[in-house]
Amino acid sequence: MHRQEKILVIGSQGQIGTELVERLREIYGAENVVAADVKEIPKDQQSGIYETLDILNAKRLHEIVKTHAIKEVYLLAALLSATAEKDPPFAWDLNMNGLFNVLNMAKEGILSKVYWPSSIAVFGPTTPKKNTPQYTIMEPSTVYGISKQAGERWCEYYVNKFNIDVRSLRYPGLIGWKSAPGGGTTDYAVHIFHEALKTGTYECFLSENTALPMMYMPDAIKATVDIMQAESAKIKIRSSYNLAGFSFSPKEIGLEIRKHIPDFKITYKSDFRQSIADSWPQSIDDSQTQIDWGWKPGFGLPEMTADMLLNLRNQKK
Ligand code: NAD
Ligand code: AKB
C-alpha cells in the first residue's frame, strides 16, 4: 500500500523503534517512513531514510518535518524507568519537552496525527494491583511514571483544546528478540533469554514473585499500527489506553524457559529496580481497548517463550 502522507519515527534506534520502523516500511513503503534518532549512524549503515535528531531541538525537528513533508509522527524518544531515576531533571526535560515539541507542531497544523506511548508506570503503589482498570487511582512514584502521567494529561488537553489527533497506549513491559531494551525495570524479561542461551543461568534483579504485566513485541507493534489506523471516532480515550498481554513473575518465566532448556537456573539479587516494580500493577484490564477498537493479543507466555528462543537460536547460527 502506498500513500502520500509521510511518517517520522523519533527514537527509531530503540527497542520499539527498530521493529516499528521495519513494520511501517512494510505497510507504507520505505520511501514514506523517515527514521530519526539522537544517535549518529554512518551513511553506509543506514537501512532507509535516516535523520539525526535531538528531539529537544525544535528547530531541527521543524527542518526535518519540512524537508520530508512529514504529516505523522511516532514519538518514541524517552528515558525509561531505571535510567530516569539516575537523572530525574534530564528525564523530565526529555520526556516532557520532547512531547511538547511534537504536540506544538500538531497544534500549528503542520502534523495531522501523532503517536506517543505511555506506560503502566503511570500507576503507583496506591493503584489496585490486579486487573488495574482504565480509570483508577494514579499516584506514580517514579520520575518516569510522573512524566508519563503528565504526558497523558497534556495529550488529552491538546486534543480537547486544539482539536488535534493524538493517540496513545499504556504499554506493559515489552519483550522482543530483534532489539535490546533501553533501561527499564522490565528489561530482565529480555536479558533472561539471552543469558539462558549463552550461559544457562541468570541472576535476576527482581525477586522471584514480582509479577508484572508484559507483552510480546509483535503484539505491541500490531496494537500500535491498529490504533493509528483506526477511525478517529473510535478513539474515545485521548489520554492513553490500557493495553494487556499477559503477566508473569521471574520464577514463572524461569519455569517456562526450563521447558525448553531443562538445566536453566535462575537466582535472585534485587536492586533499586525492585521498588519500582513493587509500585506497578501486576495485571491490567484493557476491556475498554477491546471495546473501542477491537484489540486482542496473539501471544501468551508459552507462545512468546517458544518464539523468543527459536528466533534467538536462529539469530546466533
Ligand atoms: P529505548 O530506550 O529502547 O529507545 C529510545 C530511543 O530514543 C533510543 O534509540 C535513543 O537513542 C533515542 N533517544 C534518546 N534521546 C533522544 C533524543 N534527545 N532525541 C532523539 N532520540 C532520542 O526505548 P523503547 O523501549 O523503544 O521505548 C520507546 C517509548 O515507548 C518510550 O516512550 C517508552 O517510555 C515507551 N515504553 C516502552 C516500553 C518497553 O517495555 N520498551 C514500555 C512502556 C512504554
Ligand atoms: C520500563 O520498565 O521502564 C518500561 C515500561 C514498562 O515502561 N519497560
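1. Buried means under 20% relative accessible area, exposed over 50%, and partly exposed in between (1.4 Å probe, protein chains only). Asn-163 is exposed, with a relative accessible area of 71%.

2. This is a predicted model: local features need pLDDT of at least 70, side-chain atom pairs count only at pLDDT 80 or more, and totals for chains, interfaces and linings use all residues. Residues are numbered from 1 along each chain as its sequence is written.

3. Asn-163 sits in the loop between H5 and S7. Its phi is positive, near 55°. Asn-131, in the loop between S6 and H5, also has a positive phi, near 50°. Most residues other than glycine have a negative phi.

4. Helix H5 covers residues 143-162. Helices here are DSSP runs (H or I, at least four residues), strands likewise (E, at least two), numbered from the N terminus.

5. The buried residues of H5 include Val-143, Lys-148, Glu-152 and Val-159. Among the elements covering them are helix H4 (88-107) and strand S8 (169-171).

6. The axes of H1 (residues 15-28) and H7 (residues 217-229) come within 10 Å and cross at roughly 55°. Axes are lines fitted to C-alpha atoms, for helices over the stretch in contact (heavy atoms within 4.5 Å), and angles run from 0 to 180 degrees between N-to-C directions. The contact includes Leu-20 and Leu-24 of H1 and Ile-221 and Val-225 of H7.

Conventions
Chains lettered and ligands numbered in written order. Heavy atoms only, no water. Expected span 1.5 Å × (residues − 1).
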